[in-house]
Amino acid sequence: MKSILYFTADWCQPCKKVKPIVEDLNREHFPGIFQIIDVDIETDMAETFKISAVPTFILFNDGRESNRVTGVQSKQSLLEFIGNG
């Protein structure tokens, strides 16, 4: 089973660009796959996963990290990220 930790922040302009894409994918294509984590609230989690920039996406397959990407992603690039992970 795949899941994605999506690290974001309210002040992050690139995060605001990708938010509607994430919401669409989470709602329409992969219900519940994204766990949205605000780095300013979940500081321990951001530290645990060594998040140095947002947005960052970490893909897990059966509980193991299989891929990560940082920066604004298009819908197509996130679909490929999910499919190739």
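Trainee: What distance separates the end C-alpha atoms of helix H1 (residues 13-29), and what should its 17 residues span?
Mentor: Helices (H or I, at least four residues) and strands (E, at least two) are DSSP runs, numbered from the N terminus. The expected span of a helix is 1.5 Å times one less than its number of residues. For the 17 residues of H1 this rule gives 24 Å, and the end C-alpha atoms agree with it, because they too are separated by 24 Å.

Trainee: What kind of model is this, and what pLDDT do local features need?
Mentor: Residues are numbered from 1 along each chain as its sequence is written, and side-chain values use heavy atoms, with hydrogens and water left out. The model is predicted: totals for chains, interfaces and linings use all residues, side-chain atom pairs count only at pLDDT 80 or more, and local features need pLDDT of at least 70.

Trainee: Where in H1 does the kink lie?
Mentor: The bend at a residue is the angle between axes fitted to the seven residues ending there and the seven starting there. In H1 a kink of about 35 degrees comes shortly before the proline Pro 20, at Lys 19.

Trainee: Which elements do the buried residues of H1 pack against?
Mentor: Buried means under 20% relative accessible area, exposed over 50%, and partly exposed in between (1.4 Å probe, protein chains only). In H1 the buried residues are Cys 15, Val 18, Val 22, Asp 24, Leu 25 and Asn 26. They pack against strand E1 (2-8), strand E2 (34-38), strand E3 (56-61) and helix H3.

Trainee: Which residue forms a salt bridge with Lys 75?
Mentor: A salt bridge is a side-chain nitrogen of Lys or Arg within 4 Å of a carboxyl oxygen of Asp or Glu, and the structure holds five. In this one the closest N and O atoms are 2.7 Å apart, and the partner of Lys 75 is Asp 24. Lys 75 lies in H3 and its partner in H1, so the pair ties together parts that are 51 residues apart in sequence. Lys 75 counts as partly exposed because its relative accessibility is 33%, whereas a relative accessible area of 17% makes for a buried Asp 24.

Trainee: Which side chain does Gln 73 join in a polar contact of 3.1 Å?
Mentor: Gln 73 sits in the loop between strand E4 (64-70) and helix H3 (75-84), and it counts as buried because its relative accessibility is 13%. Beyond neighbours within four places in sequence, it is in contact (heavy atoms within 4.5 Å) with Val 18, Ile 21, Phe 57 and Leu 78. A polar contact is a pair of N or O atoms within 3.5 Å; within protein, one must be able to donate a hydrogen and the other to accept it, and residues adjacent in sequence count only if both atoms are side-chain atoms. The side chain of Gln 73 reaches the backbone oxygen of Gly 71 at 3.2 Å, while the side chain that it joins at 3.1 Å is that of Ser 77.
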